[in-house]
Amino acid sequence: MSVVPVAVDSDRFRAVLGHFCTGVAVVTAHDGEQPAGFACQSFAALSLDPPLVLFCPARRSRTWPVIERVGAFAVNLLAGRQQEVSAVFGAPGPDKFAAVDWTPAPSGAPLLDGALTWVDCTVEAVHPGGDHHVVIGRVTALGGVSADRPLLFHRGRYTVTQDAGPGLPSWPRPDDWF
């Protein structure tokens, strides 16, 4: 790998970081009148004690003001077969929820049918992050888990995981990963 400095512009930044594989989630909220949600790649576990997660909505997001007003949200972790769901929630549209069945989380936020699992949260803190917000959520409820493969995004395309196969080592101590 050569170490030659290259100017950092948004196109180059996107191309380089596109090599980092991310899971795909849909972050949702409900203000009592209409559900809101968006596809999100910038989601992560933050803390075990207390249980915290984070996600980063764009400052121009139409969903973020709903989440901010309600003070609660759910994160739906998408399964590999939910590419169409990701595409619907990743594009602007009047009624994204017409394309998917859902039930309310304890917070009232939509839980999308077919998701691998879900995380229900209250907004704990919000920090500036350039053209995004960094939202910290306190986990208040968790969904069951599915054995399905997750939907991933890598180099501008959807993908799914593949078993490592025999002979390849697994993580030696799964309890120290997080």
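**Figure 1. Overview of the predicted chain.** The secondary structure of the chain comprises three helices and 12 strands, where helices (H or I, at least four residues) and strands (E, at least two) are DSSP runs numbered from the N terminus. This is a predicted model, in which local features need pLDDT of at least 70 and side-chain atom pairs count only at pLDDT 80 or more, while totals for chains, interfaces and linings use all residues. Residues are numbered from 1 along each chain as its sequence is written, and side-chain values use heavy atoms, with hydrogens and water left out. Of the 178 residues of the chain, 35% count as buried; buried denotes under 20% relative accessible area, exposed over 50%, and partly exposed the range in between (1.4 Å probe, protein chains only). The chain exposes about 11,100 Å², of which carbon and sulfur atoms supply 57%; accessible areas come from the Shrake-Rupley method with a 1.4 Å probe, and for residues only the protein chains shown count as cover. Among contacts in the chain with a separation of 6 or more, 63% are made by residues 24 or more positions apart, a contact being heavy atoms within 4.5 Å.

**Figure 2. The second largest pocket.** This pocket holds about 380 Å³ of space. Of the 18 residues lining the second largest pocket, Gly23, Val24, Phe43, Leu77 and Pro150 are the closest to its centre. Strand S1 (22-23) and strand S4 (43-47) each contribute at least two residues to the lining. By class, the lining has 12 nonpolar, six polar and no charged residues. Here Ala, Val, Leu, Ile, Met, Phe, Trp, Tyr, Cys and Pro count as nonpolar, Asp, Glu, Lys and Arg as charged, and the others, Gly among them, as polar. On a 1 Å grid over the protein atoms alone, a cavity is a set of points where a 1.4 Å probe fits but cannot get out, whereas a pocket is an open set with protein on both sides within 12 Å along at least five of seven lines; lining residues have an atom within 4 Å of a point. Grid points are joined across faces, edges and corners, and a volume is the space filled by probe spheres set on the points.

**Figure 3. Cys40 and Cys56.** The structure holds zero disulfides, a disulfide being a pair of cysteine sulfur atoms within 2.5 Å. Cys40 is in no disulfide, and the nearest cysteine sulfur, that of Cys56, is 7.0 Å away. This separation is too far for a bond between Cys56 and Cys40. Cys40 is buried at 2% relative accessibility, and Cys56 is buried at 18%.

**Figure 4. The cis peptide bond at Asp49 and Pro50.** Asp49 and Pro50 are joined by a cis peptide bond with an omega of about 5°. Most peptide bonds are trans. Pro50 is located in the loop between S4 and S5.

Figure 5. Thr63 lies in the loop between strand S5 (52-55) and helix H2 (64-70) and is buried, with a relative accessible area of 6%. Leaving aside neighbours within four places in sequence, Thr63 is in contact with Val27, Ala36, Gly37 and Phe38. Ala105 occupies the loop between strand S7 (102-104) and strand S8 (110-112) and is buried at 6% relative accessibility. With neighbours within four places in sequence left aside, Ala105 is in contact with Leu111 and Asp120. The C-alpha atoms of Ala105 and Val119, 14 residues apart along the chain, are separated by 8.9 Å.

Figure 6. Pro92, in the loop between helix H3 (83-89) and S7, is exposed, with a relative accessible area of 64%. Gly130 is placed in the loop between strand S9 (117-129) and strand S10 (132-142) and is exposed at 64% relative accessibility. Gly130 and Ala58, 72 residues apart in sequence, are 9.1 Å apart in space, C-alpha to C-alpha. Arg155 is found in the loop between strand S11 (151-154) and strand S12 (157-160) and is exposed at 56% relative accessibility. From Arg155 to Thr22 the C-alpha to C-alpha distance is 9.9 Å, and the two are 133 residues apart in sequence.
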